[in-house]
Amino acid sequence: MKHHNLRLTFIRLACVGLALILAACTATPAPPPLPPTPAPTSPPPPTPVPPTATTAPTPEPTIPPGVPAADVSKSVADKFNTVDTNLALWKIQPGLGTVMIEYGNRLARLWFAANADNWDMAKYQLDEMKEIQEVGEVTRPKRAPMLKAFEEGYLTAIDKAIMAKDKAAFTKAVNDAVTGCNACHKASTGTNWTSYQYVEVQLPKTDPAFYVDWKGGGQDSYIANPPAAAAATPAALTGNLDAAGVEEFVNGKFNSVDRSLALWNIQPGLGTVMIEYGNRYSRMYFAAKAGNWDMAKYQLDEALEIQEVAEATRPGRAPMLKAFEEGYLKALDEAIVAQDAAKFDAAFKAAADGCNACHTASKGANWKSYQYVKIQVPKTDNNDYLVWKADKGTGSYIANPPAAAATAPPAAPTGTLDMAGVEKLVTDKLNTLDRSLALWNIQPGLGTIMIEYGRRLAQIRYALDGGNFDMAKYQADEMIEIQEVGETTRPGRAPMLKAFEDGYIKALDEAIMAKDKGKAQAALENVVTGCNACHAASKGANWSSYAYVQIQVPKSDPADYLHWKAAGGTGNYKP
């Protein structure tokens, strides 16, 4: 019985185990059989070998930050080629008023040269007339068609007569040109003039430059200009510029003469510079002869300053100009500083001889030499609105102090610009006086400006004497316009100039507008008194005062190619 129970227990345990196995098989089915592995069609890839050294990945090419250089170049060229009188540097460029002073001067010189049979000099003066006319065509583009028509209609005939050395044809052509000038003035209108008929030109009666020997020398040196060579198109700029690159590029445009840019092309060349240079030479002589050594020194310093303009605008002539300064002007300077009249006379004559030797040796594109330009010791004073023997005329000059150490250049701008930033940078350069930039540095200072200012004052006197109030008004307006140039280029003097205008010029203007000759002449006398008081009070780096510059009401006509009592000359001014 006992054995029977053990057997039953064993059978039960076996059944329980079997049941557990069956349950497990039902809960987790067996995985399906794997498919057969296909035969390989290519050898397996080799196992990669890790590199033995680390190599930086090659970077993708990147575009430098900033604006395209070609766009910057176009923006600058547009600013330099387009007249915009909202920009200071464009606003102070000579308008027709200043241009016509040189134009009339050249016409008078042309007349005296041809009548002395100096046909080369006559040709030169005519060529210079055309060159200064082109300045007016650029700065006053609306007047360009009229100016070009005048050239075609009248100057071409003068040119032909000069080249043929035909005095009869020349005289007729010049008379026709004078008639044409006056007709042009009568037909032309302005914002505040019904016409410019009050400006009437005539053949000159008086030599405009007594320091010039009109007979000259070395005729037949003129060679017709060859046809102009085709200008090469510059390669377009590539790449991008950051802020520092834009600054460098723009400064380069201000510092490098590029006559393909209008703003550079209209800067005074040697022809215009030499008018002032010769004028200074003559003034120096009369000042020294009157014992006004300070005035003589001032005139010499101004001659050197205007010479530097030519060295900048005509760099090919710079070595010659510097050599002349070293060889002749230094000796003049030493004689003036020593106040030695005998040494001055010797140095002055040597400088005149040196000028003529330089002209003989110098050649141009269409001249074998410039020996037809012959200067001499001036015979007559043509600036007699200046008192050569001024009160306290000598002793205020102080030698220039040693030059201060050059200031460190400003830090280059950093970062990048968009085109709006480029536009602002260029505009700021054109609006902000910066004499470290060549194009700003050669703009006329007070010395050059005062030559025109004084001449305008003298012309007012003669217009008033002729009862030509419109001409007097025009001259006063031009005085104020050239004064504004000085306020821009010499901002430290601007308050003084504005005060002078308010204190003296306004009263003169009111008297002219009232057509009151007595009041106008009294106001003119007051202007002269005010000028001299201003000079006495004003100081410079190397002058204790400018008292040696003393003016007076002029004694002789400064421009007798103008007819002061012009027909129809008064009554067409519109306030």
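The mean pLDDT of the protein is 89, with 89% of its residues at 70 or more; pLDDT is the predictor's confidence in each residue, from 0 to 100. Residues 1–32 have pLDDT below 50, and beyond near neighbours in sequence this stretch has zero contacts in the model, a contact being heavy atoms within 4.5 Å. Where pLDDT is low, the predicted coordinates should not be read in detail. The model is predicted, so that local features need pLDDT of at least 70 and side-chain atom pairs count only at pLDDT 80 or more, while totals for chains, interfaces and linings use all residues. Residues are numbered from 1 along each chain as its sequence is written, and side-chain values use heavy atoms, with hydrogens and water left out.

Helices are DSSP runs (H or I, at least four residues), numbered from the N terminus. Axes are lines fitted to C-alpha atoms over the stretch in contact, and angles run from 0 to 180 degrees between N-to-C directions. The axes of α4 and α10 lie 12 Å apart at an angle of about 80°, which means that α4 is roughly perpendicular to α10 (65 to 115 degrees). Here E102, N105, R106 and R109 of α4 meet G271, T272 and I275 of α10. This contact comprises one nonpolar, three polar and three charged residues; Ala, Val, Leu, Ile, Met, Phe, Trp, Tyr, Cys and Pro count as nonpolar, Asp, Glu, Lys and Arg as charged, and the others, Gly among them, as polar.

Helix α10 also packs against α16 (residues 446–465), their axes coming within 12 Å and crossing at roughly 80°. The two helices are therefore roughly perpendicular. E276, N279, R280 and R283 of α10 make the contact with G447, T448 and I451 of α16, a set of one nonpolar, three polar and three charged residues.

The second largest pocket holds about 1,300 Å³ of space. A pocket is an open set of points on a 1 Å grid over the protein atoms alone, where a 1.4 Å probe fits, with protein on both sides within 12 Å along at least five of seven lines; lining residues have an atom within 4 Å of a point. The lining has 48 residues, with Y124, E128, L270, G271 and Y370 nearest the centre, and divides into 26 nonpolar, nine polar and 13 charged residues.

How values were computed:
Points joined across faces, edges and corners; volume = space filled by probe spheres on them. Parallel < 35°, antiparallel > 145°, perpendicular 65-115°, else oblique.
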